Amino acid sequence: MQDLRGITYDEFVILKQKDFPQAEGDLSKLLRDIGLAAKVINREVNKAGLVDILGMTGSRNVQGEEVQKLDEYANEQMIKYLRAGGQCCVMASEEEEDFIHVEDDHAVNAKYVVLFDPLDGSSNIDVNASIGTIFSIYERISVGVPSIEDVLQAGNKQVAAGYVIYGSSTILVYTSGNGVNGFTLDPTIGEYCLSHPNIKTPENGKIYSINEGEYNNWLDQGVRDYVNYCKENNVEEKRPYSARYIGSMVADLHRNLIKGGIFIYPSTTKATKGKLRLLYECNPMAFLVEQAGGLANDGKNRIMDAKPNELHQRIPIFIGSKNMVIKANEFLVQ
Ligand code: AHM
Ligand code: MG
């Protein structure tokens, strides 16, 4: 197979389009629009540490402009670039109560729906930990005026999904259903370059990621039993496993995707249906992880087969290395 390492994201997306002779280039354009929005968000995220110098959020900066919260800024950029690109007729965001119908003339016949979390893990901004943008793309199913039905599609109907992690470097990872590829932003040329071709997640990992402070609040005893299993000594199975939890889904999942591991956000007494959102957090991550050879379920049923009922729906999630997810599930079935 041709070694494409180093090729830019934009070139790669166009190259992959050739695998689908009927493709008209709209999805490629849409993916590039998202990449562009993420570059603009990345620029602002990189300046986050300067906020104290330039002005606190909610106050005025030295130019007398209102300093915006980064998650609001990220939301605006995603909407702006997706709207300008003209490839999507419907958008939905964690930051918006309702879905957005793009009514601009150039988007009237647009065939895509984009759901996104513009800046996930934003509570980590202040401490300079990694955060990310997550996106999920569907074809519209409505005829005529777009409707909520376009947004409430099961994850198994996604045509593409991905995330951008703003970390020690900025990496865009995406799938369009034919494997997973990662591109690192080279700030000197302003391009994402293929750095992680054909990502496969290890079937057996050694990392478990869960907010263990909630140990006593997990609704399911099986989750406690599984976590205790992860901590037990077992030379053959190379246990105890390592606990790693940043509290930023993109960062936790990116690490586990590369190194192998399981990420769990279960039902708790406070979040009885889990905390994370099905449509723009769990489904896109599930698509990526499955494409990389892993699994994602709610403890029993596949995340991508869940039927969405509302835009901001939550769901418990067990996601990551195949054998770890299977093992964790065994503890839940009493
Ligand atoms: P956010 O969308 O408000 O940023 O919340 C989602 C984040 C995820 O990134 C992370 O996995 C989770 O919340 C952490 O939650 P907790 O602090 O309860 O462990
Ligand atoms: Mg979020």
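Author: The model is predicted, so local features need pLDDT of at least 70 and side-chain atom pairs count only at pLDDT 80 or more, while totals for chains, interfaces and linings use all residues. Residues are numbered from 1 along each chain as its sequence is written, chains are lettered from A and ligands numbered from 1 in the order in which they are written, and side-chain values use heavy atoms, with hydrogens and water left out.

Reader: What makes domain 1 and domain 2 the domains of this chain?
Author: The domain assignment gives domain 1 as 9–196 and domain 2 as 207–330. Such bounds come from an automatic or database domain assignment. The domain centres, taken over C-alpha atoms, are separated by 24 Å.

Reader: How do you know which residues of domain 1 and domain 2 are in contact?
Author: Contact means heavy atoms within 4.5 Å. By that rule, 45 residues of domain 1 are in contact with 29 residues of domain 2.

Reader: What is the area buried between domain 1 and domain 2?
Author: Buried area is the accessible area (1.4 Å probe) that two parts lose on being put together, summed over both. Here the value is about 2600 Å², and carbon and sulfur atoms give 66% of it. In domain 1, Ile134, Leu152 and Tyr163 lose the most area to domain 2. Together they make up 22% of what that side buries.

Reader: How many residue pairs are in polar contact between domain 1 and domain 2?
Author: A polar contact is a pair of N or O atoms within 3.5 Å; within protein, one must be able to donate a hydrogen and the other to accept it, and residues adjacent in sequence count only if both atoms are side-chain atoms. There are 13 such residue pairs between the domains, with both residues at pLDDT 80 or more.

Reader: Which strands supply the side of domain 1 that touches domain 2?
Author: Strands (E, at least two residues) and helices (H or I, at least four) are DSSP runs, numbered from the N terminus. β1 (88–93), β3 (112–120), β4 (131–139), β5 (160–166) and β6 (170–175) each supply at least two residues of that side.

Reader: Why is helix α7 called largely enclosed?
Author: Buried means under 20% relative accessible area, exposed over 50%, and partly exposed in between (1.4 Å probe, protein chains only). Nine of the eleven residues of α7 (residues 249–259) are buried, so the rest of the structure largely encloses this helix. Met249, Asp252 and Arg255 are among them. Just after α7, Gly260 takes a positive phi of about 95 degrees.

Reader: What do the buried residues of α6 pack against?
Author: They pack against β9 (207–209), β11 (262–265), β13 (317–320) and α9 (322–332). Val223, Tyr226 and Cys230 are among the buried residues of α6 (residues 221–231).

Reader: What caps the N-terminal end of α6?
Author: Asp220 does. One of its side-chain oxygens lies 2.8 Å from the backbone nitrogen of Gly222.

Reader: Why does Val151 count as buried?
Author: Its relative accessibility is 0%, so Val151 falls in the buried class. This residue is found in helix α5 (residues 148–151). Not counting residues up to four places away in sequence, Val151 touches Val90, Ala92, Phe99, Val113, Leu115, Leu279 and Leu311.

Reader: Why is Asp186 called partly exposed?
Author: Its relative accessible area is 26%, so Asp186 is partly exposed. Asp186 lies in strand β7 (residues 180–186). A polar contact of 2.5 Å joins the side chains of Asp186 and Thr188.
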